[in-house]
Amino acid sequence: MSRVGKAPIALPQGVTVTVAADNVVTVKGPKGQLQQAIDSDITIAQEDGQLLVQRPSDQKRHKALHGLYRALLNNMVIGVTEGYKVTQELVGVGYRATNTGNTLDLVLGFSHHYVFELPQEIKVTTTADKGKNPTIILESIDKQLIGQVAAKIRSLRAPEPYKGKGIKFQGEILRRKAGKSASKK
């Protein structure tokens with residue numbers, strides 16, 4: 001089993017963590033505030049600038065929840081201090097991305113545009129430099145939400161294995177396939 005849950009979470013300067021009576025943890029930091037409901041068996045303790053997640057027994061369920069909630073709380077602490085950023089590239093002739101506020105307009109080679117309304121917690125910017133692929137940059141403090149939105153955008157036109165056309169994450173390595181082989185004469 002993983003030992004992730006045993007590691008303490010360091011709380012940077014300016015981050016406050018409060019645990020309500022119904023086991024809802026609130027993390028406040030310079031970039032914002034996040035909340036997460038925790039299972040009633042798991043306890044959260046705060047000692048000298050560190051957050052400790054503790055489990056009542058060594059049952060398989062408790063071990064799994066221990067690591068899960070420690071990881072979720074760590075993601076929340078990183079989110080309210082540094083934030084998360086996801087960059088996606090549009091690879092293909094005529095593929096474009098523009099945004100007005102939190103509305104993303106995508107042209108992906110279909111006969112229609114995709115207009116995608118993003119949640120208020122996510123900030124979106126698009127760039128279209130000459131000679132480079134258009135990019136979509138998503139920024140948020142919530143790692144789960146930004147990952148879910150990025151996956152939804154990618155699913156509109158996932159990269160295909162022959163030419164690599166589609167929406168891909170920046171730095172993503174795609175497995176490419178060889179096309180048809182030349183005929184033998």
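Student: Among contacts between residues at least 6 apart in sequence, what share join residues at least 24 apart?
Tutor: Before that, a word on the source: this is a predicted model, where local features need pLDDT of at least 70 and side-chain atom pairs count only at pLDDT 80 or more, while totals for chains, interfaces and linings use all residues. Residues are numbered from 1 along each chain as its sequence is written, and side-chain values use heavy atoms, with hydrogens and water left out. Contact means heavy atoms within 4.5 Å. Among the contacts you ask about, the share joining residues at least 24 apart is 50%.

Student: How many helices and strands does the chain have?
Tutor: Helices (H or I, at least four residues) and strands (E, at least two) are DSSP runs, numbered from the N terminus. Going by that, the tally is two helices and 13 strands.

Student: Is the chain spread out or compact, going by its radius of gyration?
Tutor: That radius is taken over C-alpha atoms, and the globule rule is 2.2 Å times the number of residues to the power 0.38. For 185 residues the rule gives 16 Å, but the chain comes to 21 Å, which is well over that.

Student: Where is Ile 38, and is it buried or exposed?
Tutor: Ile 38 sits in the loop between strand 4 (32-37) and strand 5 (43-47). Buried means under 20% relative accessible area, exposed over 50%, and partly exposed in between (1.4 Å probe, protein chains only). Ile 38 has 8% relative accessibility, so it counts as buried.

Student: What is phi for Asn 23?
Tutor: Most residues other than glycine have a negative phi. Asn 23 is not a glycine, yet its phi is positive. The value is near 60°.

Student: What about Asp 48: buried or exposed?
Tutor: Asp 48 also has a positive phi, about 30°, without being a glycine. It lies in the loop between strand 5 and strand 6 (50-54). With 71% relative accessibility, Asp 48 counts as exposed.
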